[in-house]
Amino acid sequence: MTALATAPDAARQGGPRRAGSSGKGIRRGEAAAGWLFTLPVLVILGVFLLVPVLMALWVSFSDWTGRGSPLSPSVGFVGLDNYAEITTGGGLAERDFGTALRNNAWYVLLVVPLQTALSLFLALLVNRAVLRGRGFFRTAFYFPSVTSSVAITVLWLFLFSASGAVNEVLSWVGINGPNWFNEPSGVLHNILGAFGVTSGPAALTGNSFLGLSWWDWLAGPSVAMSAFMLMAVFTTSGTFMLLFLAGLQNIGGDVEEAAMMDGANAWQRFWRVTLPQLKPALFTVLTLGLIGCWQVFDQIYTGTQGGPGKTTVTPAYLSYESAFLSQEWGRGAAIAFVLFVIIVFFTILQRWVLRDRPVSRRRARQYEVHSTPRRKEAAR
Amino acid sequence: MARHTTRALIGTGALLTASALALTACGSGFSEPAESGSAAGGGSLNILIGSSGDAETAAVQSAVDAWSAESGIDATVQTANDLPQQLSQGFAAGSPPDLFYLAPEALAGYAANGSIAAYGDGLANKDDFYPSLVENFTLDGQFYCAPKDFSTLALIINSDMWAAAGLTDADIPTDWDELASVAQRLTADGHVGLAFGAEYQRVGAFMAQAGGGMVVDGQAVANSSENVEALTYLKEQLNAGSFAFAADVGAGWGGEAFGTGAAAMTIEGNWITGALTNDYPDVNYTVAELPEGPGGKGTLQFTNCWGIAADSPNQDSARDLVEYLTGTDQQLAFSEAFGPMPSIQSAADAWTQANPELEAFLAGAEYAQFPPNMAGAADVVKDFNAQLESLKTGDPQAMLDTAQSNLEAIVE
């Protein structure tokens, strides 16, 4: 991706030269120099990113068995077979892929808004000039982000074990905590179960998508996955807090003061003044959050390996497992590329939702009407 | 000065390009397997093992050193952090280790893509291996690799809890009813009667005792009435509270549940003896054969073999080393060092004499089943295990039907 973005940039630099009459003159050779300067990056990205990605793409369309070069003549082209197997195959491969997508979709759906809201909240807290020990809190909130995810996963496994610290604390308030990492039941199903609903209506249980019934899709994250979700929020909100903090520090105090003079209360100032100005930071946080959440791998690999009951299998982990452990390299690569498409789709969707829109006429009129009496008020 | 910089830059760029080209074109990662496969033998051996711990590593190392001294061929032993992944990388890159531990569930995949050599029939001590172990590593009539050792499942009983419940040696269960009743008697405050892992690798023993199994004579039989009976029996006992899955009593596996006193009995293999000695030395235990079910005696066996890479240029010396490592003396030395049983029948008597209290494990060799070993079987077992976790509330027939359809897809 980055390599592709670099090439047009270089071309754009060369653009003005081409606009000028000929290639001779004082600016002669500038394009060559530009290419030369970008060459190291182009070569490195090409060799270590573009070529492997293209090879993986080829593997996803081939019947490579994991022995020798995937480009050797003995490897055959099988078209969309690998993709068909995981989307319409009707077997275990399809059901596993469906399960992985279900698990990860819930993860994204809950983690992205939670971590964004929490990090924004933390940033607003530590941005306040009146807060004592701001430096300490900034460091404290950021600390989980710099710790290795493997170390945090191990810590989490201890905290959330059947007799771990979390259940100990829950027992103080009379709650008998679950056996977190061994509990495959879905959270939504559990909530429904508390109201006596243990099986879904026929419309949901009878029809299925990707080998899973709709009732199973609506199970919600499993208890084990919920623990991972808490961990993700805990570890990433520090990083994103930093991004929001940078955005907040960029907002001049004068705008805030002007809003105050106009009589906006704290709540209005946040929603109408601060948040719109944080849009670039918000965009970065949501994009990074979406990408990161669709790529959950290391927690699963070091923590549960997809258990209990496959409820923590994610597409990224399934891709690894299919290729390296089951020797289904084509299938593994196909999963990786479906995941790639999903990530690109959500990033574009999110970009479209957060695009800059012109102020609607109705909104604009609202401001005009308000401005007249206020000016009178000020004159009085 | 300026010209100097430009020249330096051009030089750097050229160097980068050249090295990048060198990486793509000539890196060992892209070499064809045939090139290295055809090379002449006689080089030193690379051995990759997935070790259970220092004891095993040291035992293999000293055995290999002894062989090196005898044969004059250098050999290095490496322990893998993640054996399946490291093997896959080696095969894909065309530079696999010469000799390695290979799990039966991985055999079919590697055999299908031609990664491993089928050398079993050429072994001098071929007929000495237990027939069921040979079968375990036989695909399409070809005996691929020599079983390095094996383990079976048995019933491990906490002697102190047993005595405290007023039970004697005469009460050791011989059928399912007796097992249920002693488990009931052993269930007390703070511990359950019997705990084991929620997986086919333990539950499968009950399926075998009921007369069922996963694959019989090349046919998928996962949803047979025998298997339903086995799962139904377990479901009843789990709900009665005298049986429990290890995870439900807060343990990672049966051995942990047993060692920490959360369970009075467990079903585990030979490896539990090492764990109990090292981690829970104060627990007194007895090993008994698993009780009979309606279909007679049944247990599961677990084994690994010594795989030889098809791309290895040193296959002859590797096979020589395998013969040495599966010889009687070495097998007994391994057994003493880290617990498993010799895979050859000629060492059985010596092993029983050395480990009279573990005889029940070896007795299981007579009637043990092994997990399905065709390509894709590991995924099927994994899926079945995922369902077994909810056996307490689930429907045995439905679980087995799913396993059956998954199995039918891979059994041809």
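**Ground rules.** The model is predicted, so I keep in mind that local features need pLDDT of at least 70 and side-chain atom pairs pLDDT 80 or more, while totals for chains, interfaces and linings use all residues. Residues are numbered from 1 along each chain as its sequence is written, chains are lettered from A and ligands numbered from 1 in the order written, and side-chain values use heavy atoms, without hydrogens and water.

**Entry 1: the interface.** Together the two chains bury about 2800 Å², counted as the accessible area (1.4 Å probe) lost on being put together, summed over both. Carbon and sulfur atoms hold 61% of that area.

I also found four salt bridges across this interface; the rule wants a side-chain nitrogen of Lys or Arg within 4 Å of a carboxyl oxygen of Asp or Glu.

**Entry 2: salt bridges.** Over all chains, the whole structure has 15 salt bridges. A:Lys310 sits in the loop between α15 and α16 (315-325) of chain A and B:Asp383 in helix α17 of chain B, so this pair joins two chains. Their closest N and O atoms are 2.8 Å apart. Buried or exposed? I checked A:Lys310 and got buried, at 13% relative accessible area. B:Asp383 is buried too, at 5%. (Buried is under 20%, exposed over 50%, partly exposed in between, with a 1.4 Å probe and protein chains only.)

Then I looked inside chain B, where B:Arg319 and B:Asp316 meet in a salt bridge at 3.5 Å, N to O. They are three residues apart in helix α13 (residues 315-325) of chain B, so about one helical turn separates them. B:Arg319 is partly exposed at 26%, whereas B:Asp316 is exposed at 57%.

**Entry 3: helix α6 of chain A.** In this helix (residues 149-159), A:Ile152, A:Thr153 and A:Trp156 are buried. They cover an arc of only 105° around the axis, which puts them on the same side of α6(A); the arc is taken from the directions from the helix axis to the C-beta atoms. Their cover includes α5 (134-146), α11 (223-250) and α15 (298-302) of chain A.

Key:
Helix = DSSP H or I, 4+ residues; strand = E, 2+ residues; numbered from the N terminus. Contact = heavy atoms within 4.5 Å.
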